[in-house]
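Student: Could you walk me through this one? I'd like to talk about how its parts meet.

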2 protein chains.
Amino acid sequence: MEKNKKEKGLDVSTEEKIKEAARVVFHKKGYAATRTRDIAEEAGINLALLNYYFRSKEKLFEIIMFETLFGFFQNMGLVLNDEKSTLQHKVERVASNYIDLIIKEPDIPIFMLSEIRNRPDVLLVKLPIRQLIMNSVFFQQHRKAVDAGKIKEPDPLHFIMNLLGLIVFPFVAGPLLKEMGNIRDEGFNQLMQDRKKMIPVWIEAMMKAR
Amino acid sequence: MEKNKKEKGLDVSTEEKIKEAARVVFHKKGYAATRTRDIAEEAGINLALLNYYFRSKEKLFEIIMFETLFGFFQNMGLVLNDEKSTLQHKVERVASNYIDLIIKEPDIPIFMLSEIRNRPDVLLVKLPIRQLIMNSVFFQQHRKAVDAGKIKEPDPLHFIMNLLGLIVFPFVAGPLLKEMGNIRDEGFNQLMQDRKKMIPVWIEAMMKAR
DNA sequence: TTAAAAATTAAACAAATGATTAAAAAATTT
DNA sequence: AAATTTTTTAATCATTTGTTTAATTTTTAA
């Protein structure tokens, strides 16, 4: 049984090949524009195997969607709940980690955000997204900094919007910005690397301003 | 001929009804997830009339897409090329105008950005998006401020990314942020209203930092 | 080695979907 | 008022697309 060789060796199980192909195609084109035949072709397998292993396009999508969301927020949860790092350090790590991640997989943000818009329920139910922020060490540190007068804007949601906006938006608007700046992937990625250092500086300056 | 009554009166031409319905449905669901039958139903017209007036779903989409992009950047062009306003004032106006616009039509950003990702060519060819920024009064003012040492980050693309990121990203991530903050449309829109005043302050603080 | 189970394939099905047709209705022109 | 043009409708078509079926091949277990 091929299926049992999943973890070891160079050859991947059919199930894993399908999932990997589904990830690629769903991320690139979104649910609605993805054909099951696209996935089968990308995976190099017979179309019927998709339904054999995953029942339906919908079911397969839910798996990919969940894994993508979970993977994305897992790292953030770890960083935001580190007791030992300062607020500034958390900003640095979030910026650095996510810029690296999204350069590797640039389709993820717009995929996540579009699909969440289409089915907000899927997200709301399955992931403890609220407590990720509101129960975090980050949240406590932010409150302390506000109380100490080090951060002028008291709402942590503005902090999150600003941080994620500075990190994620350039990727979401990538094609537009590349056209505006007349640059290609290489130049764009260099700009993103620059932002790893700049975003923490910018965030600190913003939070002190009023 | 109904068609000639387009401009005047309360009753709208069939053509206009279809366009308006197409705008609503395309903006909400995107090209791939939109059925021509959805548009016909939204417009309250017979399905065949869509093809009678617009030949195809694709052609209708191109019209909506072009008008949406043009409408979005037209205003920005006006603001960025105002000889009489300062850089700070431009930031205020862009923030204010776009926050108002996107509160009215919250689907526009993610619609534009997703569809641009799927067909970058459509955008690149039809709209003079590069000169909108790079030939603008804003661009000259930015350069001057950099030369005068008032802005530390020399690349205007970072400035645009930051400004648009702070304005647009919260809307793109709307459902996610509402869930995080446990707020509804009302509370969310109030946060966005707050940002009209904060974004110019933040941007100024950021640009001075290094 | 043989029987059973699992995996794979080609073919086909049914529903959805974009588009067209031909006839009817409404509006405009003569 | 009659003829012509434009608009609208119901029905239908041709493809696409998600899924299933039944047969075949491969793998596993006895």
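Student: Okay, how many salt bridges does the rule find across the interface of chain A and chain B?

Tutor: Bearing in mind that this is a predicted model, the rule finds two salt bridges across the interface of chain A and chain B. One of them joins Glu179(A) to Arg130(B), where the closest N and O atoms are 3.4 Å apart.

Student: And which helices of chain A supply at least two residues each to the side that touches chain B?

Tutor: On chain A, helix H1 (14-33), helix H6 (108-118), helix H7 (120-126), helix H8 (129-134), helix H10 (156-172), helix H11 (174-181) and helix H12 (185-208) each supply at least two residues to the side that touches chain B. The most comes from H10(A), which gives twelve residues to that side.

Student: How do the residues on that side of chain A divide into nonpolar, polar and charged?

Tutor: The side of chain A that touches chain B has 37 nonpolar, nine polar and eleven charged residues.

Student: What about the area buried between the two chains, and how many residues are in contact?

Tutor: About 5,100 Å² is buried between chain A and chain B, with carbon and sulfur atoms giving 74% of that area, and the contact involves 57 residues of chain A and 56 residues of chain B. As for polar contact, the rule finds twelve residue pairs across this interface, counting pairs with both residues at pLDDT 80 or more.

Student: Switching topic: how is chain A divided into domains?

Tutor: Chain A is divided into domain 1, covering 11-55, and domain 2, covering 65-208. Taken over C-alpha atoms, the centres of these two domains of chain A are separated by 29 Å, and their contact takes seven residues from domain 1 and eight residues from domain 2.

Student: Which residue does Arg23(A) meet in a salt bridge?

Tutor: The side chain of Arg23(A) meets that of Glu67(A) in a salt bridge, at 3.1 Å from N to O. Between the two domains of chain A the count is two salt bridges, and the rule also finds four residue pairs in polar contact there, both residues being at pLDDT 80 or more. By class, the side of domain 1 that touches domain 2 has two nonpolar, two polar and three charged residues.

Note on methods: Residues are numbered from 1 along each chain as its sequence is written. Chains are lettered from A and ligands numbered from 1 in the order in which they are written. This is a predicted model: local features need pLDDT of at least 70, side-chain atom pairs count only at pLDDT 80 or more; totals for chains, interfaces and linings use all residues. Side-chain values use heavy atoms; hydrogens and water are left out. Contact means heavy atoms within 4.5 Å. Buried area is the accessible area (1.4 Å probe) that two parts lose on being put together, summed over both. A salt bridge is a side-chain nitrogen of Lys or Arg within 4 Å of a carboxyl oxygen of Asp or Glu. A polar contact is a pair of N or O atoms within 3.5 Å; within protein, one must be able to donate a hydrogen and the other to accept it, and residues adjacent in sequence count only if both atoms are side-chain atoms. Helices (H or I, at least four residues) and strands (E, at least two) are DSSP runs, numbered from the N terminus. Ala, Val, Leu, Ile, Met, Phe, Trp, Tyr, Cys and Pro count as nonpolar, Asp, Glu, Lys and Arg as charged, and the others, Gly among them, as polar. Domain bounds come from an automatic or database domain assignment.
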